[in-house]
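Hello,

Here is the structure you will be working with. My notes follow below it.

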Amino acid sequence: RVMLTTWPPPESLKSTTSPYQGTLAKTAGGQYRYADYAAWWTRALQFYQNNSVLPDYVSIQNECDFTPTPPSSGPIAAYLAGCYLNATETTTKAGYPQALAAVRSAFSAAGLGSMKMIGPDTTAIGGDKVKNYLDNIPSGQIDAIAHHLYHDSPGSTGIADLSRLQSQYPNWVMPKFMTELNPHDTYEDWDPAQPGWMQLAVTMH
């Protein structure tokens, strides 16, 4: 399966006019630029379509709940980019449900309505993070769940969280994919004597 996602959208679509921090920019009238964001996504997907490589799934924003602090220098600038899309729209954060609806609508208008959407692609699953997003998304807008597993210890708390996620969204109703995990990330609480591949294998199991 191939999933297409984004880290930061173009700087012109960001509230910070930068890859770092922030959320979607607003129009002169004070509305978030969901339509422009959707148009950009549509052009991207049309590019892949024209080259016969459409993905199986689209995730509109990688780690929509994460706005890291930009580095002063160094080789990891790209890793620290992003764009916050909140579970609900606020005056300072664009809403994930509104952005998703805009993208789906734009895809449909462009003849790409059959594209499957996967989300919300959050940094973690603890504290019902995924559910908080999905509770605000109308039924049928998401075809599969995407999440990461940072901040959760796969060998302990992560197991309970994964089990709860399965009870909330059984696989036969809503497929789930862990779309990212770096076992050596400093967020992880793991025994240094335990190989990273072993931690990942335990989580998958």
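**The sheet and what packs on it**

Strand β3 (residues 116–122) runs parallel to strand β4 (residues 144–148), and four bridges join the two. Strands here are DSSP runs (E, at least two residues), helices are DSSP runs too (H or I, at least four), and both are numbered from the N terminus. Two strands count as paired if DSSP finds at least two bridges between them. Pro120 has Ala146 in β4 as its bridge partner.

A word on the source. This is a predicted model, where local features need pLDDT of at least 70 and side-chain atom pairs count only at pLDDT 80 or more, while totals for chains, interfaces and linings use all residues. Residues are numbered from 1 along each chain as its sequence is written, and side-chain values use heavy atoms, with hydrogens and water left out.

Back to the sheet. β2 and β3 also pair in the parallel sense, over two bridges. Val58 has Met117 in β3 as its bridge partner. In total, five strands make an open, parallel sheet in the order β1-β2-β3-β4-β5. β1 (3–5) and β5 (176–180) are at the edges with a single partner strand each, so one side of each has no neighbour in the sheet. From one strand to the next, the twist averages 30°.

Two helices lie against this sheet. α1 lies across β1 and β2 (57–59) and runs at about 145° to β1. α2 touches β2 and β3, and its direction makes about 160° with that of β3. Axes are lines fitted to C-alpha atoms (for helices, over the stretch in contact), and angles run from 0 to 180 degrees between N-to-C directions. Contact means heavy atoms within 4.5 Å.

**The α1 and α2 pair**

How do helix α1 and helix α2 pack? Helix α1 (residues 34–50) and helix α2 (residues 96–109) meet at an angle of about 50°, with their axes 8 Å apart. The two are therefore oblique to each other. That scale takes under 35 degrees as roughly parallel, over 145 as roughly antiparallel, 65 to 115 as roughly perpendicular and the rest as oblique. From α1, the residues in the contact are Tyr34, Tyr37, Ala38, Trp41, Thr42 and Leu45. From α2, they are Gln98, Ala99, Ala102, Val103, Ala106 and Phe107. By class, the contact has 10 nonpolar residues, two polar and no charged. Nonpolar covers Ala, Val, Leu, Ile, Met, Phe, Trp, Tyr, Cys and Pro; charged covers Asp, Glu, Lys and Arg; the others, Gly among them, are polar.

**Thr122 in β3**

Six of the seven residues of β3 are buried. Buried means under 20% relative accessible area, exposed over 50%, partly exposed in between (1.4 Å probe, protein chains only). Thr122 is found in this strand, β3. Thr122 is buried, at a relative accessible area of 0%. Leaving out residues up to four places away in sequence, Thr122 touches Cys64, Asp65, Lys129, Val130, Tyr133, Ala146, His147 and His148.

**The whole chain**

The chain has five helices and five strands. From the N terminus on, they run β-α-β-α-β-α-β-α-β-α. Of the 205 residues, 44% are buried.

Best wishes
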